[in-house]
Amino acid sequence: MDVGARWPDPARGEPRRVVLVGRTSARGLRCVSRALGSLEGGRAPKGLDLLAVVLVADAPGRLQLSLLRRIRVLRSAARVQRVPWIPAWRTGGHPKVLPRQFDRLAELVGSELYREGAAS
């Protein structure tokens, strides 16, 4: 369930298991860091279970060292899964083949995220 830019509230029947998603840009990584701080600082609803932080590439190619350092800090606080740049997503399309990172992500959340024909 996508709850947008807010925490789910288990008291309202929303899922307690959370996957926090952000971009690998400097701004995206700062937002993820703030969200983790909120979760750790008790400023999120009680009872949430953070499964992972998923970082989606904001551009093709390698990340700058400063961004990689920020990711290393995030990894010290949570499980981090990176998703590479997928050109088809930029135009709302579907990739012909999903990268192997999606298999690990599906294992992490305990489901088949992308069944045949369901990639989006």
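User: What should I know before we start?

Analyst: The model is predicted, so local features need pLDDT of at least 70 and side-chain atom pairs count only at pLDDT 80 or more, while totals for chains, interfaces and linings use all residues. Residues are numbered from 1 along each chain as its sequence is written, and side-chain values use heavy atoms, leaving out hydrogens and water.

User: Why are H1 and H2 called roughly parallel?

Analyst: The axes of H1 (residues 26–40) and H2 (residues 65–77) come within 10 Å and cross at roughly 15 degrees. Angles under 35 degrees count as roughly parallel, and therefore H1 and H2 get that label.

User: How do you know which residues of H1 and H2 meet?

Analyst: Contact means heavy atoms within 4.5 Å. By that test, Ala-26, Leu-29, Arg-30, Val-32, Ser-33 and Leu-36 in H1 meet Leu-67, Arg-70, Ile-71, Leu-74 and Ala-77 in H2. This contact has 8 nonpolar, 1 polar and 2 charged residues. Ala, Val, Leu, Ile, Met, Phe, Trp, Tyr, Cys and Pro count as nonpolar, Asp, Glu, Lys and Arg as charged, and the others, Gly among them, as polar.

User: What makes up the lining of the largest pocket?

Analyst: Lining residues have an atom within 4 Å of a pocket point, and 31 residues line this one. Met-1, Asp-2, Val-19, Leu-20 and Val-21 lie nearest its centre. S1 gives the largest share, 7 residues. By class, the lining has 23 nonpolar, 4 polar and 4 charged residues.

Methods
Axes fitted to C-alpha atoms, helices over the stretch in contact; angles between N-to-C directions. Helix = DSSP H or I, 4+ residues; strand = E, 2+ residues; numbered from the N terminus. Parallel < 35°, antiparallel > 145°, perpendicular 65-115°, else oblique. 1 Å grid on protein atoms, 1.4 Å probe; cavity = no way out; pocket = protein on both sides within 12 Å on 5 of 7 lines; lining within 4 Å.
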